[in-house]
Amino acid sequence: MSDEFDAVVDTVRARVSPTDDERAQLQRVADAVMADAEAAIADLPVGAEVVQVGSTARGTWTAGDRDVDVFVCFPPSLDREQLEEYGLAVGHDVLPDGREEYAEHPYVVGEREGYAVDLVPCYAVEDATEIQSAVDRTPFHTRYLQERLDDDSAGEVRVAKQFLKGIGVYGSDLQTQGFSGYLTELLVLEYGGFRAFVEAVADWHPPVRLDPKSHGSETFDDPLVVIDPTDPERNVAAVLSEANVATLQHHARTLLAEPRASLFTEDGPDPFAAADVEGAVSRRETTPVALRFAAPDVVDDQLWPQLRKSLDGLCSELDRRGFEVLRSAALVEDGDGEEETLDSDGKQRDAVLLLEFAVAERPTVERHEGPPVHVREHASGFFGKYDDDPEVAGPFIDGDRYVVERPRAFTTATGFLSSDAVYDVGLGPRIESALETGYEVLVGTDIAALADGFGVDLASYFEPKP
């Protein structure tokens, strides 16, 4: 089995390793971008250092990647407004056709000879614990790894990245909630290679805590904790979801039991057509209800937490009301994931909150229990509230407490989701505003209309795999 595993890994390593020409071409472009940035800084009233960061600086990028990340490191004494002003000035000078993006502060992204370039301002702090902006850590990450990675370990990292991509858990954006490149590099170094990493993962019992520098000063309530070697107060794996840790464990065991190159290849499902959706709904005999609306005009890392918060709020409230939510999902139409929520034609994308109910209809009355009779003050208040209400049955005594049977506010989940009651469940503020603008409610097989725009998502939903 070891020979078979090694053969698969060798094949993958050869496939994902950039050629010498590819490396030279990327570095030529990176050097040109940095030279232009240094020239632009010369026109500013303040000095700054230009550094290449990210996987291309560390030699851990995979073949075909065309990303160049360049940071402009300004003095810590510069105020935030000037940092943004000067950073954008350099960015637009170097990338005149670029556009502004926003993380903790704005930066410029653009293209140079077919390479995607990010030009980001940060503070040149002395220590990662002194950061003034979250991006200030990045140069420390690059230096830390450059001192520890050699050609062999960089190759192991590339294999690990490709494995994580193949099983769909690579990426620290807030939609994926997966493994970042930096986290992957730290894990491979911690365990001493890809094979050892996979073997360790297969036996993980979360929560797992790793501290490469043995300097952690904080505790974290996360399934995986990897203390940042450059910052003892930070968990590098903070964004990683519990489900993605479990997904990695599943596939690690699969790879060890049956090594195969297909596990290193991203293979999404074929999109469902409307007829596929109708068939799936009919077979399941559940009641799916979808709220479709125009996605708020924000970047994905702001959109996805609000979608999840809104979905959680709706599910909790509907469960509380007796409508059993079997499963749920938030969906967003395909876009580039970098700009605001526009599709490739510049049109506003749609978003969907999908709830599937095992129980979608309830009786017209509901049981409402009061306090035990012996809790005199509260029991008397409950009894008095309902004693003369002609719409309720009771109050009567069941066991040791008062009970009434009162009219149910909503007898169907659809009725609730079509009403203003949806605004009382703790929605994300931008989602609430979007719903107030207007939304469509699709019930049962009518959700087949979502196949146009959400076909892949619906295929993944109705035919789920680890």
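Helix H5 (residues 138–146) packs against helix H7 (residues 181–191) at an angle of about 25°, and their axes lie 11 Å apart. The model is predicted. Other topics here are the second largest pocket, whose lining includes seven charged residues, and two cis peptide bonds, one from Pro206 to Pro207 and one between Gly394 and Pro395.

**Packing of H5 and H7**

- Two packed helices are described by the angle between their axes and the distance between the axes.
- Angles under 35 degrees count as roughly parallel, so H5 and H7 are roughly parallel to each other.
- H5 and H7 cross with left-handed geometry.
- From H5, the contact takes in His141, Tyr144 and Leu145; from H7, Tyr182, Glu185, Leu186 and Leu189.
- By class, the residues of this H5–H7 contact are five nonpolar, one polar and one charged.

**Second largest pocket**

- The second largest pocket holds about 210 Å³ of space.
- Its lining includes the arginines Arg320, Arg321, Arg362, Arg367, Arg406 and Arg408.
- Glu366, Gly322, Ala409 and Phe410 also line this pocket.
- The lining divides into seven charged, two nonpolar and one polar residue.

**Backbone geometry**

- Most residues other than glycine have a negative phi, and most peptide bonds are trans.
- The peptide bond from Pro206 to Pro207 is cis, and its omega is near 5°.
- Pro207 sits in the loop between helix H8 (194–202) and strand S6 (208–210).
- Gly394 and Pro395 are joined by a cis peptide bond, with omega about 5°.
- Pro395 belongs to strand S13 (residues 393–398).
- Glu113, a residue other than glycine, has a positive phi, near 55°.
- Glu113 is placed in the loop between strand S4 (106–112) and strand S5 (115–123).

Note on methods. Residues numbered from 1 in each chain as written. Predicted model: local features only at pLDDT ≥ 70, side-chain atom pairs only at ≥ 80, totals over all residues. Heavy atoms only, no water. Axes fitted to C-alpha atoms, helices over the stretch in contact; angles between N-to-C directions. Helix = DSSP H or I, 4+ residues; strand = E, 2+ residues; numbered from the N terminus. Parallel < 35°, antiparallel > 145°, perpendicular 65-115°, else oblique. Left-handed = near helix turned anticlockwise from the far one by under 90°. Contact = heavy atoms within 4.5 Å. Nonpolar A, V, L, I, M, F, W, Y, C, P; charged D, E, K, R; others polar. 1 Å grid on protein atoms, 1.4 Å probe; cavity = no way out; pocket = protein on both sides within 12 Å on 5 of 7 lines; lining within 4 Å. Points joined across faces, edges and corners; volume = space filled by probe spheres on them.
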